[in-house]
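Visitor: I have a model open and would like to learn how to read it. Please walk me through it feature by feature.

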Amino acid sequence: MSDRILRLQHVEVRVPDLELCTAYYTEVVGLIEVAHEEGRVFLKCWDEHEHHSVVLRQAPTYGLDHMSFKVAEAADLDYYTDRVEKAGIAVKRFAARELGPGWGEAIRFEAPSGHLVELVYGMEKVGNMLPLTNPPPRPANLVGIAPPRLDHIFIMAEDVDGTCAFFRDVLEFRLTEQILANDGHQLATWLERSHTPHDIAIVTGPNGALHHFAFWVDDWNGVREAADLLAFNGVTIDVAPTRHGVTRGYTVYFFDPVGNRNEVFTGGYWVDPDFEPITWTEEEMGRAMFYYAGQVNERFFTVHS
Amino acid sequence: MGILRLAHVDVRTPDLELSTAYYTEVLGLQLAERGEDTVYLKCWDEEDHHSVRLRYDPRTGLDLFSFRVEREDDLAELEQAVEQYGCQVQRVSRGEAVGQGESIRFGIPSGQTMELVHELDRPGNILGKLNPAPVPPPDLPGIAPPRLDHMLINAEEVGEAGAFFQQVLGFRMTEQVLDANGHQLGIWLERSHSPHDIAIVNGPNGALHHFAFWLDDWDHVRKAADILAFNGVQIDQGPTRHGVTRGNTIYFFDPLGIRNEVFTGGYRPDPDFPSITWTEDQFGRGLFYYENVISQRFLRFHT
């Protein structure tokens, strides 16, 4: 039986200045440019095997075009088409390479929060930057932060309960943590398929909005080095290196040159599929988000793209 | 679906008191339960009843290792697959083994006893589920790893043992070391999207090479080395880095000679991850990337 949805495969973001953003994502974040076409640039992290994990799209506004999750088998696309259609949501199907270079076969549909969600199978494998025989533990000559891989995405929704229920009931994501308001509704939720604290998280805010997407780094020292590089390059740091209560992860938040929020993240824990979710109460929301400061800056909740 | 991860390792010790003191005070595991001649231990972040069982016996060594399956049905499916391969399977009912429900046990081709289990008693980790701190209390003794990570066993025929894990149990090979004739000297296998849940290297059938606990990062590996050295524990190798798995590591021996490891790092393989191959002439770097030596103690010593 298939493992179904494995993990976040890629994000496609809109940028009003493609050249500036390409320079930022390749030289400061340290992604690798794999391909480009008119109005789009395809990037990957050094340890990823698939063709791309970040796509930049030239557009008049910033924000999220869509998010894509990798499924284990081709038949999973039929399986989820059926489930999403049964939920009353239209599904569009795309052949391999139809959506862009290196792209797999895909289905797309709109989540209740208005976000375009894609499931993809059979992305072109271009290999990580290491040989498959006697590989060193990391490539030489990486520039910038050079995270090994994309980790998770964080979106906003007016109705967190409803959107979370869609990801759980229809797409079979599992809830790891939630912040509950005093009246019992969900202020924010964290969901996983990859046995990590989260592949996607949802927080209260405008439908369709992107809060951030995050790259993995190996450890807390990697977070510190990332902060040094960001500050050196004049990148706006939103939240300086700290720790989350939720996910237990270490983090630094910052903005790309057009205002999309990025994160580098490490830490967390392993979860079995029957992990009992953790609940944070509204009074402890500050510690839940930023464990050391115990409070959330206003910008963190109000600025999005 | 199928096997999720390593659940517990059951070992024998001729000095139960000494071993218990070492695993609770130096390694920093939590005492979960004591029997007449058994001690059950767990790591602070583990939700299940135990991840290490110590049992008094005149001879040091491995009783069995146990993997958790995702669904109750997986037990019957895997029981059938293991029987079809030709192994005898023993059903262990709820109540026969402390801290868990029904399980199946069988001898694998390299002679060790393996268990598969779904239902584990779940006392929870030490943080709880309501507004939990992201860290355990600062006064936990010893290294205090959050969880058990993987184990390494020996096999005379690594290829045969590895084929059993892959074809019958659905493990995926992430890395292998090949000798000049193309024989497998060592293989690394995963179910949990990590570089390895179990590895098999050439050596005597039935032997345990080591079992390993997860640490958060390289800094924690350094602290572990400090704690081990302070307590007079014999360090086998490290702190250093592996070529295979890319992990950061230290190996050391418990008071009765069972090799332990603390481990961090690595990568995240999808099920379609292309396996990595190490050639025999690079085996030194594969094992210990900085030293580039094949330690005879590391290869020859086991329990």
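Visitor: Which domains does the assignment give for chain A?

Guide: Domain bounds come from an automatic or database domain assignment. For chain A that assignment gives domain 1 (5-121) and domain 2 (149-302). This is a predicted model: local features need pLDDT of at least 70, side-chain atom pairs count only at pLDDT 80 or more, and totals for chains, interfaces and linings use all residues. Residues are numbered from 1 along each chain as its sequence is written, while chains are lettered from A and ligands numbered from 1 in the order in which they are written.

Visitor: How many residues of domain 1 of chain A are in contact with domain 2 of chain A?

Guide: Two residues are in contact if their C-beta atoms, placed from the backbone, lie within 7 Å. By that rule, 33 residues of domain 1 of chain A are in contact with 30 residues of domain 2 of chain A. On the domain 1 side, S1, H1, S5 and H2 of chain A each supply at least two residues. S1(A) gives the most, with eight residues. Those labels are DSSP runs numbered from the N terminus: helices are H or I with at least four residues, strands are E with at least two.

Visitor: How does that side of domain 1 of chain A divide by class?

Guide: Ala, Val, Leu, Ile, Met, Phe, Trp, Tyr, Cys and Pro count as nonpolar, Asp, Glu, Lys and Arg as charged, and the others, Gly among them, as polar. The side of domain 1 of chain A that touches domain 2 of chain A has 22 nonpolar, six polar and five charged residues. The C-alpha centres of these two domains lie 20 Å apart.

Visitor: In what order do the strands of the open sheet in chain A run?

Guide: Strands of a sheet pair through backbone hydrogen bonds, either parallel or antiparallel. Here two strands pair if DSSP finds at least two bridges between them. Eight strands of chain A form an open sheet in the order S2-S3-S4-S1-S5-S8-S7-S6, with mixed pairing. The edge strands are S2 (32-37) and S6 (92-94) of chain A, each pairing on one side only. The twist averages 20° from one strand to the next. Arg93(A) has Ile107(A) in S7(A) as its bridge partner.

Visitor: Which strands does helix H2 of chain A touch?

Guide: H2 (residues 75-86) of chain A packs on the sheet and touches S5 (63-71), S7 and S8 (116-121) of chain A. Its direction makes about 15° with that of S7(A). Axes are lines fitted to C-alpha atoms, for helices over the stretch in contact, and angles run from 0 to 180 degrees between N-to-C directions. H1 (residues 18-28) of chain A lies across S1 (5-15), S2, S3 (40-44) and S4 (54-58) of chain A, running at about 160° to S4(A).

Visitor: Is Lys125(A) buried or partly exposed?

Guide: Lys125(A) has 13 other C-beta atoms within 10 Å, so it is partly exposed. Its place is in the loop between S8 and S9 (149-157) of chain A. Lys125(A) touches His49(A) and Glu50(A), not counting residues up to four places away in sequence.

Visitor: How many residues of chain A are in contact with chain B?

Guide: 35 residues of chain A are in contact with 32 residues of chain B. S17(A) gives the most to the chain A side, with four residues. That side has 14 nonpolar, ten polar and eleven charged residues.

How values were computed
Buried ≥ 20, exposed ≤ 12 C-beta atoms within 10 Å, placed from the backbone.
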